[in-house]
Amino acid sequence: MSAPHSIASLYDQRILVMIDEFQNLSGYIYRDQDCKNALDPSIPGSYHELVESKVAPMLTTGSAVGWLVNVIDTYLQMGRLQKIWVSPYLTPEEGLEAVYRYAENYRTEITNESALLINQATHADPYFIPCMFHSIYPERDLSTEAGVLACARYEITDRNADMASEWFLYLDSVLPRINAVVAKKLLLFLTRNSDRDYSTAELKTALNLELEADEINKRLEVLAKADLIRGRDIKSRWQGYKDGTLYLVLQERFEDELEALDAPREDLDYRVAELKRSERSLQGALNQVSGELI
């Protein structure tokens, strides 16, 4: 692992070392082919000095942001890696442009109306949009309203779909670390009510939790480290992400908990109705982007 630094020093060159999914070094490297005997989870600490190399600095990335940050804070202390936050969200206009570009790249037939619907159904999510275009849904048709909704439902509900399988895999890796029943209630509530933040006391009352505040905080902190919710500040205030696709996946994954919370379900038909109600305000963005790309 010191090869880039040694080579750069020897030949007076500059090398950028890039490691994607860096957090997996702490949990998914095994001694055996059956993946039963894991190596020391402190392996990321082996880069403790190398990350500061002036001739071969290191850039790390990861899809599990909360887990990645926790690994960095645990094994690469003292600010050895600078954290740079990049928003994962697209604006509605950017999402619409992405829809047209993916349609062109995948040679998929769409219409202006179905492009607008794809963007709305996916909440302009930069991962959900491409999932629609390379979906294995057998009757995929993104040129009609019914076809778009059917494909989106498949991606959200079917375990074989890219969108649902990635979320289910991640949720299943996080929730067993804590009291899953309480954690799911907290996650559902905060994601559904993401327009504001909540104190621990407010969550205890709203969800009628019998746990003490310290125990609730422990579960919230794990959810925050997993990047499923946000810890707003040191005063223990918490907020769900304004991620429309996450709640759709959660309500499929935790349907029983939704019933216990008496939480309303949101479906794609509701989004279509909302789209039609706001069609006039969105039409300007549609005309601008489609005029540039089609």
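**Notes on the model**

1. Glu202 has a relative accessibility of 32% and therefore counts as partly exposed (buried is under 20% relative accessible area, exposed over 50%, partly exposed in between; 1.4 Å probe, protein chains only). Glu202 forms a salt bridge with Arg237, with the closest N and O atoms 3.5 Å apart (a salt bridge is a side-chain nitrogen of Lys or Arg within 4 Å of a carboxyl oxygen of Asp or Glu). This pair links distant parts of the chain, with Glu202 in helix H9 (residues 200-206) and Arg237 in strand E5, 35 residues apart. Helices (H or I, at least four residues) and strands (E, at least two) are DSSP runs, numbered from the N terminus. Salt bridges with shared partners join Arg196, Asp197, Glu202 and Arg237 into one network.

2. The model is predicted: local features need pLDDT of at least 70, side-chain atom pairs count only at pLDDT 80 or more, and totals for chains, interfaces and linings use all residues. Residues are numbered from 1 along each chain as its sequence is written, and side-chain values use heavy atoms, leaving out hydrogens and water.

3. Asp197 also forms a salt bridge with Arg237, at 3.1 Å between the closest N and O atoms. Asp197 lies in the loop between helix H8 (180-192) and strand E3 (198-199) and Arg237 in strand E5 (residues 237-240), so the pair ties together parts that are 40 residues apart in sequence.

4. The whole structure has seven salt bridges. One of them joins the side chains of Arg101 and Glu97 (3.1 Å, N to O). Both residues lie in helix H3 (residues 92-105), four residues apart, about one turn of the helix.

5. In helix H2 (residues 65-75), the buried residues include Trp67, Leu68 and Val71. The buried residues of H2 pack against E2 and helix H10 (213-225). Gln23, in the loop between strand E1 (17-20) and strand E2 (58-61), is buried at 2% relative accessibility. Its contacts (heavy atoms within 4.5 Å) beyond four places in sequence include Trp67, Leu68 and Val71.

6. How many disulfides does the structure hold? The count is zero, a disulfide being a pair of cysteine sulfur atoms within 2.5 Å. The sulfur of Cys131 is 9.2 Å from the closest cysteine sulfur, in Cys151, which is too far for a bond. Cys131 is buried at 1% relative accessibility, and Cys151 is buried at 0%.
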